[in-house]
Amino acid sequence: MRHNVYLYILGMWGVTYLIRVLPLTLIRREIANKTIRSFLFYVPYVTLAVMTFPAILSATQTPVSAALALVAGLAMAWFGLSLFQVSVLCCVVVFVVELLM
Amino acid sequence: MLTDRRKWFIKGLKDGVPIMLGYFAVSIALGIAAKNAGMTATQATVASALIMASAGQYIGFTLIAAGASLVEVIVMEAIANARYLLMSTALSQKVDPALPLRHRMLMGLWITDEIFGVSVSVKGRLNPYYNYGMAAVATPGWALGTLTGVVLGNVLPVRVVSALSVGLYGMFMSIFVPPARKNPVIAGLVIVSFALSWAFNALPWFEAISSGMKIIILTVSISLVAALAFPVDGKEDHHAA
């Protein structure tokens with residue numbers, strides 16, 4: 001089976017690419033329906049929030065450091081720090097907390 | 001026109017840096033998983049450079065190791081990655097309706113959670129060169145992290161990997177928090193999303209559902225209720241999504 005691995009990789013890539021490219025290539029005009037437009041407006045925020053919590057709590061060595069990074073990240077983003085700053089400072093919070101623990 | 005492309009590409013390179021760092025950290029774990037599944041460093045790195053999907057790749061590697069058939073792997077891959085259908089649909093409304101097919105086909109290659117999240121957060125129309133810039137730095141991060149995981153996954157200090165792993169979530173927060181501050185409906189949705197996502201993960205009834213499926217079910221149901229209860233009117237949606 002070992003010699004087939006690249007075939008599997010190709011299959012995984014192919015199906016993932018189709019999923020990613022089909023809506024973008026098939027929907028070529030603005031959707032007029034207000035409900036669908038509103039739905040698509042909310043999708044990014046909801047999906048990012050859903051992916052963040054509670055997954056962040058199991059990303060680090062201990063949920064405590066992740067929880068503190070979560071609170072710090074929410075606060076920093078609220079007060080307008082940039083994407084890069086929030087991202088890096090969250091890492092720093094985890095590193096320092098785990099160093100002290 | 002040319003300078004516009006250049007400007008967006010460079011901005012993409014810059015905003016791709018935190019994605020690259022986060023990807024590097026997260027994909028180390030993926031590389032370790034690939035090694036445990038019996039894949040070589042080359043196979044794992046090629047897979048990461050092409051596929052760029054964390055959960056999807058984990059599932060794929062696990063199934064390959066278990067000796068699953070090609071069809072089984074493809075079906076599971078489709079389920080794990082189905083959320084990209086939603087993201088791609090949202091992007092179809094974010095780009096210029098006149099955007100040529102070749103750009104749409106190229107953009108599709110790099111619809112990941114992070115590149116999607118950052119690209120929908122730009123004001124107004126999305127220029128594909130922004131995505132290309134991000135992909136140009138994020139893809140090597142993902143592929144090299146995987147390679148590192150296969151080759152020396154057990155040598156890197158755990159604390160460093162642990163700290164870097166949280167960077168991607170920091171990025172997500174900096175995307176959904178500022179609009180939540182301005183728009184109370186979005187703020188409410190974030191709180192509801194956190195609560196329901198927690199419930200879905202904590203309650204035993206939903207154990208059988210894969211994490212990719214949970215994301216889709218929650219995203220579709222919460223966004224749909226929000227769309228019906230708080231329809232967005234006029235031009236507003238161009239600015240954020």
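Q: How are H1(A) and H3(B) oriented to each other, roughly parallel or roughly antiparallel?
A: In this predicted model, H1(A) and helix H3 of chain B, residues 54–65, pack with their axes 11 Å apart. The angle between them is about 150°. Angles over 145 degrees count as roughly antiparallel. H1(A) and H3(B) are therefore roughly antiparallel.

Q: Which residues of H3(B) does H1(A) meet?
A: The contact of H1(A) with H3(B) divides into four nonpolar, three polar and no charged residues. On the H1(A) side stand A:Val5, A:Tyr8, A:Met12 and A:Thr16. Their partners in H3(B) are B:Gly56, B:Gly60 and B:Ile64.

Q: What is the handedness of the crossing of H1(A) and H3(B)?
A: A pair of packed helices is described by the angle between the axes and the distance between them. For H1(A) and H3(B) these are about 150° and 11 Å. The crossing of H1(A) and H3(B) is right-handed.

Q: How many residues of chain B are in contact with chain A?
A: The contact between the chains takes in 65 residues of chain A. Helices H1 (5–26), H2 (34–52), H3 (63–78) and H4 (83–100) of chain A each supply at least two residues of the side that touches chain B. On the chain B side, the number of residues in contact is 86.

Q: How many residues on the side of chain A that touches chain B are nonpolar?
A: That side of chain A includes seven charged residues and 12 polar ones. The nonpolar residues there number 46.

Q: What radius of gyration does chain A have?
A: Chain A has four helices and zero strands, and its C-alpha trace spans about 50 × 50 × 20 Å along the principal axes. For 101 residues, a compact globule would have a radius of gyration near 13 Å. Chain A instead has 20 Å.

Q: Why is chain B as compact as a globular protein of that length, and what is its radius of gyration?
A: Chain B has 13 helices and zero strands, and its C-alpha trace spans about 55 × 50 × 40 Å. The globule rule gives 18 Å for 241 residues, and the value for chain B is close to that, so chain B is as compact as a globular protein of that length. The radius of gyration of chain B is 19 Å.

Q: What percentage of the residues of chain B count as buried?
A: A residue is buried if 20 or more other C-beta atoms lie within 10 Å of its own. In chain A, buried residues make up 50% of the 101 residues. Of the 241 residues of chain B, the buried share is 51%.

Key
Residues numbered from 1 in each chain as written. Chains lettered and ligands numbered in written order. Predicted model: local features only at pLDDT ≥ 70, side-chain atom pairs only at ≥ 80, totals over all residues. Contact = placed C-beta atoms within 7 Å. Nonpolar A, V, L, I, M, F, W, Y, C, P; charged D, E, K, R; others polar. Axes fitted to C-alpha atoms, helices over the stretch in contact; angles between N-to-C directions. Parallel < 35°, antiparallel > 145°, perpendicular 65-115°, else oblique. Left-handed = near helix turned anticlockwise from the far one by under 90°. Rg over C-alpha atoms; globule rule 2.2 N^0.38 Å. Buried ≥ 20, exposed ≤ 12 C-beta atoms within 10 Å, placed from the backbone.
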